[in-house]
Amino acid sequence: MKQIIQLPAAVIAQIAAGQVVERPVSIVKELVENSLDADARNITIKVTEGGKEKISISDDGHGMSADDLALAIQAHTTNKIKTTQDLLAINTLGFRGEALYSITQAADLIIQSRTSSQSMGTKIVLRNGIVTAQSPVGMSAGTTILIENIFNALPARKKFLKSTNIEFQLLLESVTQLALAHPKVGFQLFHNNQLVLDILPHTNFTERVTAAFGKSIESLFLPLSLEVSDYKIYGFLGTPQAATTVSQSQFLIVNNRPVVSPKISKVIRRLFKTLLPPGIQPPFILYLELHPESIDVNIHPQKREVRFNEEELLLQVLQTLIRQTLEKANLIFSMTDLESLTLNDSKMDEGTAKILRDATQIWNVKEFFEEEPVMQINNLYLIAQTTEGMLVIDQHAAHERILYEQFLETFTAQKSNKVALIKFIKIALPVLESQLLEDNREVFEKLGFVFTKISSTEFSFSQIPELLHTRKLEQYILEVLRDIKDQVEVAELDLESHRTIAYLACRGAIKAGEVLTPQERKNIVSKLLLTTSKYTCPHGRPVLIHITPIDLAKMFYRIPAFRNEK
Ligand code: ADP
Ligand code: MG
């Protein structure tokens, strides 16, 4: 057994430093945050080799006097909070007074800073955490920090650094986040002397997002916004198509603070459901503004996560907003009356067809030339002409998507979907889950369940939703209750039901290789265009590919001519 000792101060400092500065991006993030807290209008970041070799950050913020600078590099020094009371409503990005000190423990620094009231600035040089030189310096107001020999003092950190490319990707993502979060500030990021990101000060958030993500934002992202008494939510939600081009782009900005929230990401992913193949995350850029007292930012050493006081409510507001945005997304269709569409699928019995007719929203497809014939290629693909080029459709995937949504509608709209059980089903649940079932009786009844409590942990079910009659009831109930317990999303539909519905749709759908009559082809196309998620099948494969006149012009090298003719 080794003896217990009190760790030397230098070791404590290095352990603490290692928590704050994990990799180059953490240094950049902390220093940019300091510049932002100092009210900088322009921030220039220059890095070499993904930030592994050199990092320099310049700002035109309020700067520091020589005395303040000497203090700033000490442990636990800050000008941002004074009392524990201040911790309850933080409106600066920093407050822990740890970053600058931690960086001095991890690398060598040259800091220059000047306030606007001084004629000269101060320059200090730090090697291995110790000031080795200090002198006055001529400079404009603001602060410039140059960092070298990064992680030489923390070999364990240095060893785990990734490739230049990966480190730079992380850094770019972080700077992009900060730029999205601070619309008044200009950002320039150079990598190995090349300007990579150039965002002007005072651009609105759409301009900013466009500068960061390119023009594709207009066609691939859906704007959303909501203002209620306590919240303001706005931003962009990527369409399923954006998920393939911009992977890993989830930007959440809470009160000007870029953060991650696994719960919010999860809720959004669940709303996308089968629009995306498994493992693919929908991109989003979401701004949340709420009262500083309703969030806690002091739960993570790098301030990356926040905790919301009324998380459940917030998640629900978000969920509704995002669901509406996804449903509304299809701007070229508009609601019309029932007559314009006939649901006469030969494969469907009249009873089912009626339920589906009642449950399906009817849309008028403006863009699809219904008079024109739909071609069937290789007994597998359908080709339809629209005002904007053509649609190529996978017939099986399309029919599957149509049936899936119709089953789903029936299920969620609770239209005559209850079945009385011949034999009552008795189920036993753990104590906590039993209590939850009682607490949520109303929700379950809306979903089509009828049950009575027969003891503190036993229930007897007399009716269940029709689509669930093949399910193991006890397991189903438990899953839903667990969802409620985790507060992820009010479970109107658990994943198991989704899968069941997807199987039902898949088995009912026409197969690849089946020959379709001209009318059947048209039915598929028009009904597909009525579904809310027409882009992917329930397994996440594409259903429809839209080929625009521009796509065609590109394929035939007609692009310059195309422009001239227009
Ligand atoms: P925190 O940001 O949590 O206060 P830091 O260690 O990051 O702690 O910074 C310590 C202090 O140094 C800050 O509170 C601030 O007063 C000062 N400071 C750091 N960077 C700058 C800067 N770029 N411009 C002006 N002051 C700065
Ligand atoms: Mg700071």
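Reader: What classes of residue make up the shell around ligand 1?

Author: The shell around ligand 1 has 6 nonpolar, 10 polar and 4 charged residues, where Ala, Val, Leu, Ile, Met, Phe, Trp, Tyr, Cys and Pro count as nonpolar, Asp, Glu, Lys and Arg as charged, and the others, Gly among them, as polar. This is a predicted model, in which local features need pLDDT of at least 70 and side-chain atom pairs count only at pLDDT 80 or more, while totals for chains, interfaces and linings use all residues. Residues are numbered from 1 along each chain as its sequence is written, and side-chain values use heavy atoms, with hydrogens and water left out.

Reader: And which residues come nearest to ligand 1?

Author: Of the 20 residues around ligand 1, those that come nearest are N34, T78, K80, F95 and G97; a residue counts as near if one of its heavy atoms lies within 4 Å.

Reader: Which side chain has an N or O atom 2.9 Å from a nitrogen atom of ligand 1?

Author: That is the side chain of D59, and a backbone N or O atom of L100 lies 2.9 Å from an oxygen atom of the ligand.

Reader: How much of ligand 1 does the protein cover?

Author: The protein covers 95% of the 530 Å² of accessible area that ligand 1 has on its own, with areas from the Shrake-Rupley method and a 1.4 Å probe.

Reader: Switching topic, at what angle do α10 and α11 pack?

Author: Helix α10 (residues 262-272) and helix α11 (residues 311-328) pack at about 35°, with their axes 10 Å apart; axes are lines fitted to C-alpha atoms over the stretch in contact, and angles run from 0 to 180 degrees between N-to-C directions. Helices are DSSP runs of H or I with at least four residues.

Conventions: Chains are lettered from A and ligands numbered from 1 in the order in which they are written. Helices (H or I, at least four residues) and strands (E, at least two) are DSSP runs, numbered from the N terminus. A polar contact is a pair of N or O atoms within 3.5 Å; within protein, one must be able to donate a hydrogen and the other to accept it, and residues adjacent in sequence count only if both atoms are side-chain atoms.
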